[in-house]
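Open the model in your viewer and keep the selection tool at hand. The tour goes from the whole chain to single residues.

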Amino acid sequence: MRTIVEIKNMSKRFGSTIALSNVSIEAYEGEILGLIGENGSGKSTVTSIYAGMQKCDKGEMLFEGKPWSPTSMNDALKHGVGMIVQENGTVPGISVAENIYLGEISEYKKGLFIDRKSLMADSQKALDDIGAEHIKAEMVTGALDFQDRKLVEIAKVMVNDPKVLVVDETTTALSQKGRDIIYSIMNKMKNEGKTVIFISHDLDEIMNVCDRLTVLRDGNIIRTFLKVEFEENAIKTSMIGRELQGNYYRDDYGDEVKGKAVLKADNLNKGNQLVNFSFELHEGEILGVGGLSHCGMHTLGKVLFGAEGVESGEFTIRGEHVKSIADAMKKQVGYVAKDRDTESLNLDASIKDNIAIAGLDKFAVNNMLILPSRENKYVNAQIEQLSIKCSGANQYVSALSGGNKQKVAFGKWLGRDSEILILDCPTRGVDIGVKQAMYQLMYKMRQEGKSILLISEEMAELIGMSDRILVMKDGELKKELYRSKELSEADVIQYMI
Ligand SMILES: Nc1ncnc2c1ncn2[C@@H]1O[C@H](COP(=O)(O)OP(=O)(O)O)[C@@H](O)[C@H]1O
Ligand SMILES: [Mg+2]
């Protein structure tokens with residue numbers, strides 16, 4: 001069989017995180033190759049490099065036997081390699097048609113004007129062709145729900161008639177209709193002798209759909225299974241392998257949370273992100289919140305920090321309503337956003353400025369006058385407590401590794417003795433050592449009677465750290481699970497999907 005995609009000895013780091021280490025992958029013509037591995041194993045990184053979204057540090061790529069070095073996603077697409085990304089891949093403020101022909105709008109120029117009629121007609125055909133007739137080319141993309149925006153992305157990729165299609169964990173977020181559209185596109189491509197790389201963490205799905213299956217773990221290729229070798233336990237074992245367990249997470253069980261409720265939410269509603277959502281968070285509790293990326297858990301974190309409003313329902317902290325972020329901070333609530341680079345930190349400022357901003361009321365006189373000696377003492381205490389690796393408090397945050405950036409984001413809130421800490425994917429992109437330090441800090445806070453809402457996409461982390469786990473799906477609370485040695489990832493996942 002002819003090899004179409006070849007990746008040889010590829011490596012990639014993000015700061016101190018090794019995302020890929022000497023990864024080699026081959027995909028043939030007329031096949032659906034599965035890529036599977038735990039969260040963070042490198043699946044998105046390796047495929048997005050092949051699809052032109054980012055560069056590797058080291059390694060070689062071939063496409064149909066020729067050297068392959070796309071300069072952008074559009075460049076890759078023009079030359080035959082398309083990818084449907086895991087996250088949202090459309091621009092919200094423009095029409096569906098403009099998204100589909102993004103990068104090629106100039107082809108629709110007639111003099112100074114754009115030939116909107118042809119643009120709309122071609123776009124509508126692209127949508128109809130994949131079975132998404134219900135979406136209209138002239139609609140504003142931002143008004144569509146996640147599934148329909150995904151379908152727009154698929155239409156955009158498919159009008160370019162790619163020879164290689166990468167589908168990155170798209171199906172889990174789609175309904176059966178959306179899934180069927182993707183499956184039929186994949187099968188059609190396979191039958192035409194083209195190549196599909198299909199990424200999913202749903203083992204059943206991937207075993208059904210794929211011809212071969214390559215397993216990644218911690219940035220390494222572990223093994224490739226042929227269809228005849230597909231066997232659930234063997235694949236699982238290679239995915240999980242020798243994992244750091246035990247003292248990595250907390251190891252106490254049966255230590256009941258007895259503290260009173262400090263945060264109460266009653267019937268919160270906000271679009272499809274929060275649907276009649278009620279819960280309580282107690283003193284001395286780590287409350288996990290899990291679900292698929294778009295289940296509403298990230299919105300929940302923002303709402304509770306006063307950064308977003310709700311349509312109905314209310315929540316209180318120690319019996320009082322929260323009016324704004326400033327008000328939440330006054331009530332000793334801290335928040336580390338999932339997207340720390342844009343929401344939690346100011347990268348173009350020093351460590352000192354980042355940490356100090358949340359602590360003003362702790363060291364400034366009347367919240368106004370900043371005494372440099374007090375500020376330095378405050379900031380240096382955080383750098384020390386968290387062992388932030390830096391040249392000093394004045395170093396810019398943009399120069400730090402991912403793990404150390406995350407420590408700065410933590411430091412903002414630890415310093416001001418937050419009583420309630422809302423953490424959204426706090427260990428995303430940080431290495432094992434920093435992860436461990438964060439878990440220890442969270443546990444220490446719990447023992448001091450503080451409360452943590454741990455929103456996470458990592459099942460192992462939720463199970464390993466939480467006293468209780470709320471599982472969300474489509475904005476609803478689907479299940480409440482209590483800390484137990486017996487709790488498995490499958491126990492949690494079954495309520496998410
Ligand atoms: N832009 C980024 N910045 C920092 N770290 C990243 C970035 N992208 C990925 N990583 C890290 O690289 C590793 C591999 O990530 P990824 O390829 O997204 O894994 P997967 O798709 O298998 O879940 C993870 O540790 C992740 O946190
Ligand atoms: Mg991924």
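How far apart do the C-alpha centres of domain 1 and domain 2 lie? They lie 32 Å apart. This is a predicted model, in which local features need pLDDT of at least 70 and side-chain atom pairs count only at pLDDT 80 or more, while totals for chains, interfaces and linings use all residues. Residues are numbered from 1 along each chain as its sequence is written, and chains are lettered from A and ligands numbered from 1 in the order in which they are written.

**The two domains**

Select 3–240 for domain 1, then 246–493 for domain 2. These bounds come from an automatic or database domain assignment. Now show the contact between them: it takes 8 residues from domain 1 and 10 residues from domain 2. Two residues are in contact if their C-beta atoms, placed from the backbone, lie within 7 Å. On the domain 1 side, the touching residues are 3 nonpolar, 5 polar and no charged. Here Ala, Val, Leu, Ile, Met, Phe, Trp, Tyr, Cys and Pro count as nonpolar, Asp, Glu, Lys and Arg as charged, and the others, Gly among them, as polar.

**Ligand 1**

Select ligand 1 and its shell. Of the 14 residues around ligand 1, Phe 14, Ala 19, Lys 43, Ser 44 and Thr 45 come nearest. A residue is near a molecule if its C-beta atom, placed from the backbone, lies within 6 Å of it. Each domain, domain 1 and domain 2, gives at least three residues to this shell. Colour the shell by class: 2 nonpolar, 10 polar and 2 charged. Next, pick β2 (17–28) and α1 (43–50), which each supply at least two shell residues. The largest share, 3 residues, comes from α1. Helices (H or I, at least four residues) and strands (E, at least two) are DSSP runs, numbered from the N terminus.

Move to β20, residues 451–455. Is this strand enclosed or open? 5 of its 5 residues are buried, so β20 is largely enclosed by the rest of the structure. Buried means that 20 or more other C-beta atoms, placed from the backbone, lie within 10 Å of the residue's own. Ser 451, Leu 453 and Ile 455 point one way, Ile 452 and Leu 454 the other.

β15 (286–290) pairs with β20 in the parallel sense over 4 bridges. Two strands pair if DSSP finds at least two bridges between them. Val 289 stands opposite Ile 455. β19 (420–424) also runs parallel to β20, joined by 5 bridges. There, Leu 423 stands opposite Leu 454.

Centre on Leu 454. Beyond its neighbours within four places in sequence, its contacts include Ile 286, Val 289, Leu 462 and Met 465.

**An open sheet**

Select β14, β13, β16 and β17. These 4 strands form an open antiparallel sheet in the order β14-β13-β16-β17. The edges are β14 (274–282) and β17 (320–321). β16 (312–317) meets β17 over 2 bridges, and Ile 317 stands opposite Glu 320.

**Last stop: Asn 354**

Asn 354 is found in helix α12 (351–357). Asn 354 is buried, with 23 other C-beta atoms within 10 Å. Leaving aside neighbours within four places in sequence, its contacts include Leu 345, Val 397 and Lys 412.

Note on methods
A residue is buried if 20 or more other C-beta atoms lie within 10 Å of its own, exposed if 12 or fewer, and partly exposed in between; C-beta atoms are placed from the backbone.
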